[in-house]
Amino acid sequence: MIKEFDLKLERKRDFYQVTNKTKNEIVLFSNDKEKVSSIRFDSTFNIKDSISAVRPESTYEEILGYTQKDESYNIFWGSKDRKKIFAQSFDFATKQINIKFFDLELKKEKIVKELTINNVFYIITLVKNIGNLKFYVFDPSGELDTKTVDLSKFEFNNKEGNPVNLHTVLTWESSNFFFQNINNESPPSLALSTRKNKIYTYKNDEIIFTLDTGPHATDILRINLNDFTASLKAIKQQRTISHEYDGFLFESNSFLIDDKLIQIKTNPEVLYLTISDLDGMRINTYKALRDEEIPFKNTDVFQESGTFSNKKILEKPKQFIRKINNSTPGISCYKLDGLYYTVIGSSQDIVRSGSMGMGMGMSGGFSSAPLGMSYGYTIENLISYKDKNVVYTTCLFDSNFNHLKEPVKISAFEKIRMFLEENENIKDGRTLFNKTLYKDLILFKLNTSLYLGNYNKDNQKYQFFSFSE
């Protein structure tokens, strides 16, 4: 623990944090049923100043995102249907609070995602039937502009490999589609990365959508945030011969990092891992058979159920390939000291059914947001293993994705997971990641470290913990 300070809040409370990497400062927004308090910290977590405001009316349920300019921070609250947006501006230079109201018509539109990228807040919607994307753009000053990205000429691949528009491919199995946001604030969990549709926001001027609807290719849709033009590219999966490997059907998924696409393609007999650039040029290919040791792994194969501490080692290679084909395969990857730490495996819902005990359910690509709320990415990432059965192993690659036979380091993110399970002062006898715990946590990256914030309701103190690689 590097810092704590007194903070008295009501029982109904939430937290939201903004990291200003340019100024090396953090702004913590704490809100209860009556007020919103913004507290500004320097890089050593000393309090610089604070401003408080009245909490908006109950129509506005949660903070969706933020913008920032100079010493002014705007937070955006949204109604449940997102048709009403309430902006609160906290100006630390003038100590003034300013508010704005926005009404969004959202005619024949479905919300895709709310994101803040490079201090600009976006609400992205899908125009039904047509398949165009609409961007509601709130600039750093809090002004609203609207942009439409014409995708009418683009053909996406549905599950059967037929060309369809974006709306059709997303609603092929359910109207309740979901895109998982991936960014580099913390190493993405496998539980998040197994989702078939993802949004990557590691660039300031571009959003990248990936869709792994079918087993033969990954569709990559790139949106330029300067002029809102789009491009579409299908990156093919490893080619296999029909009826090869006893004719088992293949499952596939992908992960994007540093403009390199890592793809997994697997059935009960074989697993392929391929790496390509965004032009589709193959960089490397790896293969593992069911009855052989996986030649490119650097750790044991683990099975984890719900918590970091509840895991075991799988002894036989065929257990790994069989188990990941019983659920949703996926990849997650992060870069540390120039090396790519790549986790391959699968994630599956643990279904608890009262007296019927525990069962397993598929974790597909068309489901609602985890836990039904709009958490920041890092907390969503942290709690994503709740009620998940995950099977995985870690592979280590150099900058050209050549396999390295070296031990892997424990990431700061994994250290935080272990810390939360072991620290009795935080856990306080409660079930890990139940509602009374995760609502009091924030998680963010500053410089090279990850920081965990926690509200200790018993002592009425807010605490910051630091974790390094």
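# Notebook: a first look around

I started with a charge and a ring: K110 lies over the face of F177, 5.7 Å from the ring centre. I note here that this is a predicted model. A second case turned up at R417, whose charged end sits over the ring of Y385 at 3.9 Å from its centre.

**Entry: helix α5**

R417 made me curious about its helix. How many of the 11 residues of helix α5 are buried? I found that eight are, so this helix, residues 412–422, is largely enclosed by the rest of the structure. I wrote down the buried ones in α5: A412, F413, E414, I416, R417, F419, L420 and E421.

**Entry: the four-stranded sheet**

Next I traced an open sheet of four strands, which run in the order β2-β3-β4-β5 with antiparallel pairing. Which strands stand at the edges? They are β2 (13–20) and β5 (47–54); each has a single partner strand, so one side of each is left without a neighbour in the sheet. I looked up the twist too, and it averages 15 degrees from one strand to the next.

Strand β4, residues 35–41, pairs with β5 in the antiparallel sense over seven bridges. If you want a place to look, find R40, which stands opposite D49 in β5.

**Entry: the five-stranded sheet**

I went on to an open sheet of five strands, in the order β16-β17-β18-β19-β20, and its pairing is mixed. Here β16 (180–182) and β20 (230–236) stand at the edges with a single partner strand each, so one side of each is left without a neighbour in the sheet. The twist averages 20 degrees from one strand to the next.

Inside this sheet I checked β17 (residues 197–200) and β18 (residues 206–211), which pair in the antiparallel sense over four bridges. I199 stands opposite F209 in β18.

A reminder to myself: strands of a sheet pair through backbone hydrogen bonds, either parallel or antiparallel.

**Entry: Q68**

I picked Q68 and asked where its place is. I found it in strand β6, residues 62–69. Is Q68 buried or exposed? Q68 is buried, with a relative accessible area of 9%.

What does the side chain of Q68 reach? I found the backbone oxygen of D70 at 2.7 Å. The side chains of Q68 and N119 are also joined by a polar contact of 3.3 Å. Leaving aside residues up to four places away in sequence, I saw that Q68 touches N20, Y73, N119 and P140.

**Entry: aromatic rings**

I searched the whole structure for aromatic pairs and got 33. One of them is F102 with F138, an edge-to-face pair at 5.1 Å centre to centre, with 80 degrees between the planes. This pair links distant parts of the chain: F102 is in strand β9 (residues 96–103) and F138 in strand β12 (residues 133–138), 36 residues apart. F102 is buried at a relative accessible area of 11%, and F138 is buried at 0%.

Then I turned to Y286 and F296. Their ring centres are 5.3 Å apart and their planes at 45 degrees, so the pair is tilted. Y286 lies in strand β24 (residues 282–289) and F296 in the loop between β24 and β25 (301–305), so the pair ties together parts that are 10 residues apart in sequence. Y286 is buried, with a relative accessible area of 12%, and F296 is buried too, with 1%.

I also marked one aromatic cluster, made up of F5, F15, F41, F45, F444, Y451, Y455, Y462 and F464.

**Entry: positive phi**

My last stop was the backbone. Most residues other than glycine have a negative phi. What is phi of D337 near? I read a positive value near 55 degrees, in a residue other than glycine. D337 is in the loop between β27 (328–336) and β28 (339–352), and D337 is exposed, with a relative accessible area of 60%.

Q460 has a positive phi of about 55 degrees as well, although it is not a glycine. I found Q460 in the loop between β32 (449–456) and β33 (461–467). Q460 is partly exposed, with a relative accessible area of 33%.

Definitions and conventions. Residues are numbered from 1 along each chain as its sequence is written. This is a predicted model: local features need pLDDT of at least 70, side-chain atom pairs count only at pLDDT 80 or more; totals for chains, interfaces and linings use all residues. Side-chain values use heavy atoms; hydrogens and water are left out. Two strands pair if DSSP finds at least two bridges between them. Helices (H or I, at least four residues) and strands (E, at least two) are DSSP runs, numbered from the N terminus. Axes are lines fitted to C-alpha atoms, for helices over the stretch in contact, and angles run from 0 to 180 degrees between N-to-C directions. Buried means under 20% relative accessible area, exposed over 50%, partly exposed in between (1.4 Å probe, protein chains only). A polar contact is a pair of N or O atoms within 3.5 Å; within protein, one must be able to donate a hydrogen and the other to accept it, and residues adjacent in sequence count only if both atoms are side-chain atoms. Contact means heavy atoms within 4.5 Å. Rings of Phe, Tyr and Trp (its six-membered ring) pair if their centres lie within 6.5 Å; planes under 30 degrees apart count as stacked, over 60 as edge-to-face and the rest as tilted. A charge sits over a ring if NZ of Lys or CZ of Arg is within 6 Å of the ring centre and within 35 degrees of the ring normal.
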